[in-house]
Amino acid sequence: MLNIYFDTERNEEMDRGGVTEELLKAAGRMRRVRLSVLFPDISQGEFLALEVIYRYTLIQDNGRKICVSDLAKNMKIASSAVSRMLHTLEERGLISREVDRKDRRNTYVFLTEAGRQKHQDAVDTMDEFLKSVVNRMKEEDIRQLIVLWNELADIIDDELDSRTKGERR
């Protein structure tokens, strides 16, 4: 399955007794969690779009709308992919689009009343679900998990940064 690598300079096993494989398995399990069962009528990407539109419009003073290009940047996906997703959301009455009257190259998106309700329903469902999950663990364990998860994310980011710069630790 996973090859064990040895550090010849320090002559120690890099796998740390199988922990690398166990980490990969745990990450794979988390990736396969099917939260979609909580939201049978909305995809994860669609929820993210509704969330970004909602949050963006809370902090902007532009009539509760976001430019499609800003939405794509915030979602970290191509504008063409966002446009396809928005088409589906618009057909379902969750968002509306509006062309900028001053610059017709810009299109703005905003949540309809149905979109705000769908977003709120999804947030409420996720909050209830996460509270149930958290309540099944001790608060101390959850806090430790958060610290360790953030530490792992920082280390992964650092490793990826160093490898893109041609370094290796």
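Six helices and five strands make up the protein, as seen in this predicted model. Their order along the sequence is β-β-α-α-β-α-α-β-β-α-α.

**Overall figures**
- The protein has 169 residues, of which 23% count as buried.
- Its accessible surface is about 13,200 Å², and carbon and sulfur atoms account for 51% of that area.
- When contacts between residues at least 6 apart in sequence are considered, 42% of them join residues at least 24 apart.

**Helix H5**
- Helix H5 covers residues 113-135, a run of 23 residues.
- The buried residues of H5 are Gly 115, Lys 118, His 119, Ala 122, Val 123 and Met 126.
- An α-helix has 3.6 residues a turn, so residues three or four places apart point the same way.
- The partners against which the buried residues of H5 pack are helix H2 (44-59) and strand S5 (107-111).

**His 119**
- His 119 is part of helix H5.
- Its relative accessibility is 2%, and His 119 therefore counts as buried, the cut-off being under 20%.
- Leaving aside residues up to four places away in sequence, His 119 touches Phe 47, Leu 50, Glu 51 and Tyr 54.

Methods
Residues are numbered from 1 along each chain as its sequence is written. This is a predicted model: local features need pLDDT of at least 70, side-chain atom pairs count only at pLDDT 80 or more; totals for chains, interfaces and linings use all residues. Side-chain values use heavy atoms; hydrogens and water are left out. Helices (H or I, at least four residues) and strands (E, at least two) are DSSP runs, numbered from the N terminus. The expected span of a helix is 1.5 Å times one less than its number of residues. Buried means under 20% relative accessible area, exposed over 50%, partly exposed in between (1.4 Å probe, protein chains only). Contact means heavy atoms within 4.5 Å. Accessible areas come from the Shrake-Rupley method with a 1.4 Å probe; for residues, only the protein chains shown count as cover.
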